[in-house]
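I opened my notebook to look up how the parts of this structure touch one another. Have a look along with me.

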Amino acid sequence: MAVHAYASQRLRARYAGSVLGEFWLVATTAVFLMAVALVWSMLWRISLDDYFAYFATGFIFYTFIAGTMNEAAGTIIADSRLYLNSKQSPMFSVFAHIYRSMLSFAHQLVIVLFVALFFASTSVAGIVTTFFGTLLCMLFLVPSCYFLGMLSVRYRDLLHVIHSIFQILFLVTPVMWRIDRVPEAYQAWVFINPVASFLNITRDAFLNLPVYPEAVISALLWTLFAWLLHWFVARRLEKHFTLWL
Amino acid sequence: MALIQLDKACLDYPVTGQFSHSIRTHVAQVIGGRLLGRKGRWPVSWVRALDEISFEVNAGDRLGIIGHNGAGKTSLLRLMSGAYSPTAGSVTSTGNIQALTDFTLGMDANATGLQNIYFRLAFMGLTRKEAESFAPEIVEFSELGDFIHYPLHTYSTGMYLRLAFAISTQFEPDILIMDEVLGAGDARFRAKAEARMNKLISKANALVLSSHAIANIAMYCNRVIVMKSGRVAFDGDPGDATKFYQELVAAASG
């Protein structure tokens with residue numbers, strides 16, 4: 001209950017003073033997606049319907065995965081008052097942060113539903129794959145956000161480094177471009193990027209596009225690696241992390 | 001058995017500076033060091049805030065902590081509350097500890113008073129149902145009436161503090177740790193708050209109170225520690241401790 005209450009409070013604070021609250025973000029995102037899809041479908045010479053479905057769902061899943069990781073860097077620092085008052089696990093901030101991202105993502109799913117109804121052909125198998133892909137993604141996000149959050153407590157300039165990395169990551173992740181447009185010999189390399197792998201097993205599965213075995217393997221390996229990092233950082237930093245706050 | 005036991009507990013703070021917190025500096029030091037064939041230098045220095053502190057807090061203890069600014073009082077409270085782990089030695093505790101060192105913690109100005117009650121109680125580990133059952137008592141104590149349904153940013157400072165106080169002092173812990181004695185509101189509410197504080201203190205198995213107000217220490221404590229440069233300089237009777245502290249102050253002021 002504490003995680004729910006805290007995450008809701010933070011989300012409310014972000015949209016304080018707005019009558020539409022989180023739905024204001026949904027509306028602005030929808031306008032942004034339409035505008036980009038309109039221009040880029042003409043540039044790429046693809047039908048607007050196909051490109052809008054691909055880009056809109058991709059952008060929403062990407063924002064959830066990459067946005068959650070990107071913002072995770074500052075989450076424990078932002079909650080420092082909680083940790084300087086009494087003993088508390090830093091996982092509290094991590095869970096509250098991910099829960100808040102999930103609430104935002106749930107709002108954005110209105111757009112995905114809209115796409116599914118009017119622009120894309122989805123299937124039961126695709127939706128089931130997306131569901132399990134999202135679950136695996138959550139398993140990846142928990143240790144990743146912990147790792148980034150804890151490391152940022154120790155190294156304050158990591159926030160800027162991470163923001164820069166994620167700006168580049170958007171360009172090398174197939175959000176606006178399709179994997180099948182990459183020369184076949186290089187397609188597997190795309191999945192070195194964990195966000196590209198998770199996007200393939202969520203967004204692409206949802207749109208009935210091919211799910212690559214390399215993406216599944218990469219997502220599993222990255223999840224395992226993230227838990228190893230979590231274990232390493234917990235051992236090295238957690239005992240005295242409050243001294244760095 | 002001691003409720004809190006410190007055994008040669010030390011606390012070292014990293015001295016925060018622009019470079020000690022920089023991953024870019026750290027990486028440059030390590031890589032630069034390797035290239036130049038020497039070990040990377042770590043631009044972090046440490047300062048000892050608490051040095052080999054050993055004492056016990058037992059049931060019935062009303063322990064006061066006094067000392068100059070920077071003597072280590074807040075660090076000691078945080079060590080005892082579990083917020084900090086000792087960098088050497090050990091600190092063990094049994095029982096439920098409540099640290100009233102920051103009693104407006106977690107208050108959300110955009111949420112209503114009632115929402116803040118639910119949130120704060122959830123943070124104390126209560127379920128929604130339990131929080132709902134305690135809420136009327138807190139509302140009544142805070143004397144906010146219908147204002148409890150308004151956002152906190154519409155409250156006066158007094159109303160805000162009354163609510164924060166009512167929530168923070170709702171439950172009686174085994175061990176109560178306080179940084180200065182709490183008080184809130186106007187003269188009438190302050191009397192009510194004082195009565196509740198006295199009840200809270202008398203019901204707690206042990207009290208640890210850090211304060212600059214010697215009168216409060218004399219009123220609430222049956223044992224006093226005087227901190228000096230991160231060490232326990234005196235541990236004993238409140239009267240003797242006060243005398244010892246006043247001598248320290250006199251010596252410091254020349």
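How many residues of domain 1 of chain B are in contact with residues of domain 2 of chain B? I found 9 residues of domain 1 in contact with 7 residues of domain 2; two residues are in contact if their C-beta atoms, placed from the backbone, lie within 7 Å.

A note on what I am reading: this is a predicted model, where local features need pLDDT of at least 70, side-chain atom pairs count only at pLDDT 80 or more, and totals for chains, interfaces and linings use all residues. Residues are numbered from 1 along each chain as its sequence is written, and chains are lettered from A and ligands numbered from 1 in the order in which they are written.

**Inside chain B.** I looked up the bounds: domain 1 covers 4–95 + 211–252 and domain 2 covers 113–204, taken from an automatic or database domain assignment. Their C-alpha centres lie 30 Å apart.

On the side of domain 1 of chain B that touches domain 2 of chain B, α2 (73–81) and α7 (214–220) of chain B each supply at least two residues. (Helices are DSSP runs of H or I, at least four residues, numbered from the N terminus.) I noted that α2(B) gives the most to this side, with 4 residues.

**Between the chains.** Next I checked chain A against chain B: 25 residues of chain A are in contact with 27 residues of chain B. On the chain A side, α1 (2–14), α5 (80–85) and α8 (158–172) of chain A each give two or more residues. Here α1(A) gives the most, with 6 residues.
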